Amino acid sequence: MSATTYKTQLENTLDQISKARAVWEEGTLKSANNELYAILERCFAVFTEMKDDTAKRRALNSLLTDRSMKPRTSTSLGLKVIRYVFGKEGNREIAYGRLLTIAYDLKAPEQTLTSYIEQCGGVEEVRRVSKIKDGKKMTADDYKQIAVTGLNMARIPVASFALPEFIQPNSEYDEDYVVGLIRCNPNGTGDLLFGNNEAKVIDTVLVASGKYLDQKAQDDQKGLEAVDVAKRRAEDVKTFAPKLFAAMGAQVRITDSQQVPAE
């Protein structure tokens with residue numbers, strides 16, 4: 001399916017849901033909840049379909065831009081879908097967008113969104129649910145440790161090459177890492193130009209890497225319960241990281257001519 005075809009199909013689908021939303025808004029109070037849940041159920045199906053598909057998410061961004069609702073980079077996917085269907089972004093729409101995200105993370109795979117909403121006691125109750133059930137928020141240190149643990153489990157690196165003398169690890173830092181600045185070339189290759197081994201810079205990248213690995217691992221393990229979130233997520237990443245880097249490494253072939261020679 002081409003991007004243009006999918007965009008047209010997505011537009012038709014979302015327009016139909018939007019019409020259903022309009023009927024709901026004009027309906028009676030007694031039937032409002034059932035109609036709303038049906039709309040959100042369909043929104044959730046669209047949300048789930050494009051959650052891990054960059055091309056489909058870009059199609060939605062394009063449709064929103066076409067309608068003068070260009071999303072910000074920080075706008076969540078759930079809110080983008082809700083924004084299109086409801087035509088605006090108020091407190092109600094933000095709550096619905098959060099509901100889609102929470103349900104994706106926490107509801108059982110075989111459970112319908114409607115059932116999950118009813119189980120929680122309604123939309124207002126769902127939106128108050130923390131994505132981390134036991135109330136323990138992940139800290140920067142948690143994410144850093146996840147990255148260190150997960151990256152150490154990556155037996156197959158994306159690329160290996162000899163480090164030049166001006167790019168060396170910081171002997172005063174706890175881990176043997178250095179942050180590299182890579183220029184991305186039009187032909188798909190990359191040039192390593194600079195390295196930074198300052199602790200704050202490495203910490204920032206490790207935290208970002210930990211969040212990325214954590215999200216990928218959570219998507220892989222979606223629906224599982226945990227008592228100790230930080231401990232479970234670290235275990236998830238240890239399991240998932242080797243698969244991720246093995247897949248990434250399989251796509252990269254480094255030849256001797258592409259290696260950066262030591263100086």
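Glu 11 is partly exposed, with a relative accessible area of 24%; the class covers values between buried, under 20%, and exposed, over 50% (1.4 Å probe, protein chains only). The model is predicted: local features need pLDDT of at least 70, side-chain atom pairs count only at pLDDT 80 or more, and totals for chains, interfaces and linings use all residues. Residues are numbered from 1 along each chain as its sequence is written, and side-chain values use heavy atoms, with hydrogens and water left out.

**Salt bridges**

- The count comes to 6 salt bridges, each defined as a side-chain nitrogen of Lys or Arg within 4 Å of a carboxyl oxygen of Asp or Glu.
- Glu 11 pairs with Arg 67 through their side chains at 2.5 Å, N to O. Because Glu 11 lies in helix α1 and Arg 67 in the loop between α3 and α4, this pair ties together parts that are 56 residues apart in sequence. Arg 67 is partly exposed at 30% relative accessibility.
- Lys 7 and Asp 66 form a salt bridge of 2.9 Å, N to O. Lys 7 belongs to helix α1 and Asp 66 to helix α3 (residues 54–66), so parts 59 residues apart in sequence are tied together. Lys 7 is partly exposed at 23%, and Asp 66 is likewise partly exposed, at 48%.
- Arg 183 and Asp 191 meet at 3.0 Å, N to O, in a salt bridge. Arg 183 counts as partly exposed at 44% relative accessibility, and Asp 191 as partly exposed at 27%.

**Packing of α1 and α4**

- Helix α1 (residues 3–25) packs against helix α4 (residues 77–86) at an angle of about 65°, with the axes 8 Å apart. Axes are lines fitted to C-alpha atoms, for helices over the stretch in contact, and angles run from 0 to 180 degrees between N-to-C directions. Helices are DSSP runs (H or I, at least four residues), and strands are runs of E (at least two), numbered from the N terminus.
- On the α1 side, the residues in contact (heavy atoms within 4.5 Å) include Glu 11, Ser 18 and Trp 24, and on the α4 side Val 81, Tyr 84, Val 85 and Phe 86.
- Ser 18, in helix α1, is buried at 15% relative accessibility. Not counting residues up to four places away in sequence, Ser 18 touches Tyr 84 and Val 85.

**Strand β1**

- Leu 181 lies in strand β1 (residues 179–184). At 52% relative accessibility, Leu 181 counts as exposed.
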